[in-house]
Amino acid sequence: MTAPVSPLAAAGDCVAIPSITPLAAVRRSAASPSVVGTVLRHELRSVLRNRGVLVFGVGTLLLTDIVVRLTGSAPRAMSTLLNLVLLVVPLVTMMAGIISWHASREFNELLLAQPVKRTALFSALYLALVLPLAGAFSLGMLLPLAWHRVVDPASAMLVVTTVGSGLALTFIFGGLALLIGIRIEDRLRGVMTGLMAWLLLTVGYDAVVLIVATTLADYPLERPMLGFMLLNPVDLARSVIVLQSDAAALMGYTGAVMSRFLGSTLGTIAAAGGLLAWIVVPVALARRSFDRRDF
Amino acid sequence: MSSTPLVVMRGLTKRFAKHPVLQGIDLDIPRGAVTAIIGPNGAGKTTLNKAMLGLVRLDQGTVHFDGVDTAGRIDHRSRIGYMPQTPRYPDSFAAGDVLRLLRDFRGADARTDEELIASFELSPLLEVPARALSGGQRQRLNAAAAFLFVPDLLLLDEPTAGLDPIASGILKDKIRSVRQEGRAVIITSHILSELQELADVVVFLHEGRVQWSGSLEALMTRTGADSLERAIAHLMQHSTTAVPQGRMKKPSEISL
């Protein structure tokens, strides 16, 4: 006689839990489950139902496809898509992170009532936020480029840098979003704080740096400007991208300083290190807040 | 009821900012019994439940589960089923995804009572996105998630809120059967008539302190009330006396 299959057994599960009447102990596997792997597996299974990620991915794909059709070359397409990477990716990630945190607070409470460690669950929630967005972004950018075969060896590094910078900004703003979501209880205040942070990092910061540079124009500011640039991940990403292209006109002020002061190779390494620090620090702070939070 | 309590709480103290929520709670949760935690809004009922799960960090006090101090531990949670007050699930998850995720967290040794899926009429809903479920359907899913892993302790926060009478009846039957199996149930609810049906032990919290802890019968006898509602009303009227911190107020100490 065949045991009835559990209604909870998902397609692709190796072992289906048999129905139990009366109750009986069930062994599913010898290994204890990884919290991060478990959450990610379930998140990826349900990603096709995640409207936000789908809209972001399809939107990126359509926009990239249109730009590639109009420009006909990867360098020009990357220049046109720079604002998508520098403005839209951070905004989408920030808003998705804060809103999804508040929407799933009760669910997170339920997850924490299971035998899982907070640090493991935090890592899982962070990756479940950024990986689908990163996947949607990179597929949306790369598929049209591959389809139209516009990437040649000369422009490959620029494409890799642009997509890589977008991915880095996704991880950075994902961490910032969780930090804001965890620290600010009120959803509206959280969203407003996220918007202000995005506005500051994408627009406000360059304006402040420009004012400082103009005001103190008589002093040697190259080194302080380099320090200022490391404080802003969007400027860092812009610098990394622009250093790979000839599009000097698109450089922000701090990016121009970096290009002149360090030169392209060293500048790229410094900026990449800065981006890594921007990923690690907000995530570490958010994880600390999550660990100490009362649910 | 077994003589050894399943959960022993001593001196639980918790403040949110400067507001004291739990003030020296001493409480034992017996096995094979339904314990009703009752109190006005802000009395500390939900925080007490969360303290047992480690969802809030206590300022002082200890929680022992089956004789083991739970501080810094997570393994006791595999023996607890938790039904939170507000059932909300990620929009992209189907009902079945929620249960599968929880099952995966429970790991290799998890026992599951999958009769529940049929009992709560969840089978046709397992592939329905959570966002498409009605409030009652979500509450049934919430209940199934709590009962599914045959826990030794069930923590049910407003369990019948939003349930239709049939689902509510099924849930009450489940609670009774859990009690008969010698497992412990804690219910927090404002529906006192329902608690009168189910509860063996009543704990009355007021301003973060235990004002009454004892059997339902003892409470009714002591207050002379003919219903739990009247008995609690009586307690509320006479619960202004401060309880010394870190000590549970005994029934004999309550002025009725």
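How many of the five residues of strand 3 (residues 34-38) of chain B are buried? The views below, all taken from a predicted model, begin with that strand.

**View 1. Strand 3 of chain B, mostly covered.** Five of its five residues are buried. On one side sit B:Val34, B:Ala36 and B:Ile38, on the other B:Thr35 and B:Ile37, and both faces are covered. As a reminder, side chains in a regular strand alternate between the two faces of the sheet.

**View 2. The parallel partners of strand 3 of chain B.** Strand 8 (residues 184-188) of chain B runs parallel to strand 3 and is joined to it by four bridges; here B:Thr35 stands opposite B:Ile186. Strand 9 (residues 201-206) of chain B is also parallel to strand 3, again with four bridges. Look for B:Thr35 opposite B:Val201 and B:Ile38 opposite B:Phe204.

View 3. Six strands follow the order 6-7-8-3-9-10, with mixed pairing. Strand 6 (80-83) and strand 10 (209-215) of chain B each have a single partner strand, so one side of each lacks a neighbour in the sheet. Neighbouring strands are turned by 15 degrees against each other on average, direction ignored. Helix 4 (residues 135-147) of chain B packs on the sheet, touching strand 6 and strand 7 (153-157), and its direction makes about 170 degrees with that of strand 6. Helix 7 (residues 216-223) of chain B touches strand 9 and strand 10, at about 105 degrees to strand 10.

**View 4. The largest nonpolar core, with 152 residues.** Among the residues with the most contacts inside it are A:Leu133 and B:Val203. Helix 7 (residues 153-183) of chain A gives the most to this core, 15 residues. Beyond its sequence neighbours within four places, A:Leu133 is in contact with residues including A:Val53, A:Phe56 and A:Thr170.

Terms used. Residues are numbered from 1 along each chain as its sequence is written. Chains are lettered from A and ligands numbered from 1 in the order in which they are written. This is a predicted model: local features need pLDDT of at least 70, side-chain atom pairs count only at pLDDT 80 or more; totals for chains, interfaces and linings use all residues. A nonpolar core is a set of buried Ala, Val, Leu, Ile, Met, Phe, Trp, Tyr and Cys residues joined through C-beta atoms within 7 Å. A residue is buried if 20 or more other C-beta atoms lie within 10 Å of its own, exposed if 12 or fewer, and partly exposed in between; C-beta atoms are placed from the backbone. Helices (H or I, at least four residues) and strands (E, at least two) are DSSP runs, numbered from the N terminus. Two residues are in contact if their C-beta atoms, placed from the backbone, lie within 7 Å. Two strands pair if DSSP finds at least two bridges between them. Axes are lines fitted to C-alpha atoms, for helices over the stretch in contact, and angles run from 0 to 180 degrees between N-to-C directions.
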